[in-house]
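Me: I have a model open and would like to talk it through with you. Could you take my questions one at a time?

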Amino acid sequence: MNYPLTQIPERTIKPRQKGYTMVMDKGLSIRQIEDFLETSASYTDIVKLGWATSFVTPNLKEKLAVYKSAGIPVYFGGTLFEAFVIRNQFDEYRRILDQFGMEYAEVSDGSLEMEQDDKCEYIRTLAQQVTVLSEVGSKDEAKIIPPYKWIKLMKAELEAGAWKVIGEAREGGNVGLFRASGEVRQGLVEEILTEIPEEKIIWEAPQKSQQVWFVKLVGANVNVGNISPNEVISLETIRLGLRGDTFTHFLNL
Amino acid sequence: MNYPLTQIPERTIKPRQKGYTMVMDKGLSIRQIEDFLETSASYTDIVKLGWATSFVTPNLKEKLAVYKSAGIPVYFGGTLFEAFVIRNQFDEYRRILDQFGMEYAEVSDGSLEMEQDDKCEYIRTLAQQVTVLSEVGSKDEAKIIPPYKWIKLMKAELEAGAWKVIGEAREGGNVGLFRASGEVRQGLVEEILTEIPEEKIIWEAPQKSQQVWFVKLVGANVNVGNISPNEVISLETIRLGLRGDTFTHFLNL
Amino acid sequence: MNYPLTQIPERTIKPRQKGYTMVMDKGLSIRQIEDFLETSASYTDIVKLGWATSFVTPNLKEKLAVYKSAGIPVYFGGTLFEAFVIRNQFDEYRRILDQFGMEYAEVSDGSLEMEQDDKCEYIRTLAQQVTVLSEVGSKDEAKIIPPYKWIKLMKAELEAGAWKVIGEAREGGNVGLFRASGEVRQGLVEEILTEIPEEKIIWEAPQKSQQVWFVKLVGANVNVGNISPNEVISLETIRLGLRGDTFTHFLNL
């Protein structure tokens, strides 16, 4: 940190279990990745290549290499997993993970219907090959899952071998954990936290107001995801009480 | 494409008449153009230097050279044409097109009043010099043009020599084809498509929900415009059914 | 300017007292700064490192050096000043300004309560060390300051030694000068302008509609701030009547 400010909350350091930041890359060029890493590498724990963007990205292998050399793990968005599954090409998906040297993968059912048992079976299978992130919540804003079911799903998926579970919000932050307006489903989040350890959850929170809400509820070291590359610095100030929204939150006044 | 996914809609390839993507550059630097081309050149058919940004762009000649060497045509936004016309400087506009080696130009009346005959005369004149894109629709959200008149205008402008017609939406996607909320004027679009061949129209659709709507209505190879440089990869996944919004649209389930 | 268009309002040139553009850098990399300067250096009068982002920016010294070599002054956002003040570390703040060679500083009370006399004392003290920008207005959208009080504060702060006063709007443009919807508090702005010379005020106006509103009210050479680096070119066209929104504003038709 550049200045000797007192009363700054202590941040975890890499490799983190808490205070984790997952960034969404939805098509960066090599130089754009380098620029992002210059400012934000130490604050970024993992990068998701958003949904199935990796399918059409011409510079995919080079991108993976740049992230690897910076020590930042990368995974393909869950929509890519679902695109293979819905086409009965799951085995090919597994081969592709190997082919590209992926060490993480996401299992999700945001865009298709999947029985919980089947989802857990995918998690079990992939967990033998990679570290699995499992996402709960639909991308369909009309599909409201009640809190007890979120908890049931998250528990089952962690038991099946997911390293962490992700609460769905999309790039826009307007489904799953959030209402269409972007407002947090507060009761849902609080109830989940009574049953699932906070370090096992990554909350997708692309909007600033959502990040502020989670930092205030869980603390500086909340795990959040779907952060835009150019918002990681801002997020870090929110975590530390150095943006207006959390300015007095960590102070003993 | 990086993976052997089945049931992916066939995309047209360059030079395209359909499936055309027009990108809006509103002030990129040289390196930012290079970064954009690294990821998106094969998906980008033409670039518009938005409205009259080219007037204040210090690196204009260099920018044109970079796009030219990538084989991507460029044109000045229609507002620049209108800025010359409203000042009675149309002849100077024609000289400037030559001076900068432009091969395309836009004729529009989004910010001024112009009789249809006059607009068609501008199209006829410019069509002797460059390939003309002609835009229909006002930038004034209060000015609602009824569908039959959109069709009449489009037909006349194509007959006058426009290569394609553009449906106006601005950078924001909140006028012309769209309501102030960004919602598509569905009846308008459907009625236009009964009379004008889809390959002759470029629909300005800067918002994701608008792109999704057009891909669902017209197909993977709809012509769209005013796409932000960093959204071309996303658009390509929407076209291919590889983003949540169009995930099952092209599948035989 | 690239073309000989007539009836373009005359823009002031650097160093400007009017027509001033303050840009917000909220975490740019070195190359991103270079890219921004390539297109926008001549239109950018000063850069603010937004709120306390400079605390977590790993490349701070290099960034300051790049701006310095381009002749563009830089200052730390007022939230950093407030973060030191609320911790009773104001003397350390003064040392840090020296340590980083800062020639400008902001005094604000957007995130804390501060008596006007105390604020003016901070201004007086800092004005002996640097050029002071003083910000009026709260970041709390519930805190509505009536116009007469804005004027009283601005006058007192200018008398205390502030070089210019800034009207608060945040990065979002939804507090202070603006309603939560982003709409301008028109009566407030007009009343301020009856008492404070326009060249002494910088209006934070991050949204395009806000920039348009101020250009229409004050003119091409209004002082505006919190402009995103990639919107400076757009702002310049708005100032010159070369975007739809101000297209006819400066014309004698």
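Reply: What follows is a set of questions and answers on this structure.

Me: Before we start, what kind of model is this, and how are things numbered?

Reply: This is a predicted model, in which local features need pLDDT of at least 70 and side-chain atom pairs count only at pLDDT 80 or more, while totals for chains, interfaces and linings use all residues. Residues are numbered from 1 along each chain as its sequence is written, chains are lettered from A and ligands numbered from 1 in the order in which they are written, and side-chain values use heavy atoms, with hydrogens and water left out.

Me: OK, interfaces then. How many residues of chain A and chain C are in contact?

Reply: On the chain A side 30 residues are in contact with 34 residues of chain C, where contact means heavy atoms within 4.5 Å. The two chains bury about 2900 Å² between them, and 59% of that is on carbon and sulfur atoms; buried area here is the accessible area, taken with a 1.4 Å probe, that two parts lose on being put together, summed over both.

Me: Which residues of chain A lose the most area there?

Reply: Those are Asn2(A), Tyr3(A) and Phe247(A), which together make up 25% of what the chain A side buries against chain C.

Me: And what about chain C against chain B?

Reply: That contact takes 30 residues from chain C and 34 residues from chain B, and the area buried is about 2800 Å², with carbon and sulfur atoms giving 59%. On the chain C side, Asn2(C), Tyr3(C) and Phe247(C) lose the most area to chain B, together 26% of what that side buries.

Me: Switching topic: where is Glu82(B), and is it buried or exposed?

Reply: Glu82(B) sits in helix 4 of chain B, residues 78-86; helices are DSSP runs of H or I with at least four residues and strands are runs of E with at least two, numbered from the N terminus. Glu82(B) is buried, with a relative accessible area of 0%, and the cut-offs are under 20% for buried, over 50% for exposed and partly exposed in between, using a 1.4 Å probe and protein chains only.

Me: What does Glu82(B) touch?

Reply: Not counting residues up to four places away in sequence, Glu82(B) touches Ser108(B), Asp109(B), Gly110(B), Ser111(B) and Leu112(B), along with Phe247(C) from another chain.

Me: What about Ala180(B), buried or exposed?

Reply: Ala180(B) counts as exposed because its relative accessibility is 53%, and it lies in the loop between strand 6 (164-167) and helix 8 (186-195) of chain B. Leaving aside neighbours within four places in sequence, Ala180(B) is in contact with Glu141(B) and Asn174(B).

Me: Now helix 10 of chain C. How many of its residues are buried?

Reply: Eight of the eight residues of helix 10 (residues 232-239) of chain C are buried. They pack against helix 2 (53-56) of chain B, together with strand 1 (21-25), helix 1 (30-40), helix 9 (208-218) and strand 8 (224-227) of chain C. Just after this helix, Gly241(C) takes a positive phi of about 70 degrees.

Me: Which residue has a positive phi although it is not a glycine?

Reply: Arg170(A) is one of them, with a phi of about 65 degrees, and it lies in the loop between strand 6 (164-167) and helix 8 (186-195) of chain A. Arg170(A) is buried, at a relative accessible area of 11%.

Me: Where else does Arg170(A) turn up?

Reply: Arg170(A) is among the residues nearest the centre of the second largest pocket, along with Lys139(A), Lys208(B), Gly244(B) and Asp245(B), and 24 residues line that pocket. A pocket is found on a 1 Å grid over the protein atoms alone, as an open set of points where a 1.4 Å probe fits, with protein on both sides within 12 Å along at least five of seven lines, and lining residues have an atom within 4 Å of a point.

Me: Last one: what is the cis peptide bond in chain A?

Reply: The bond from Lys14(A) to Pro15(A) is cis, with omega near -10 degrees, and Pro15(A) lies in the segment before strand 1 (21-25) of chain A. In chain C, the bond from Lys14(C) to Pro15(C) is also cis, with omega near -10 degrees.
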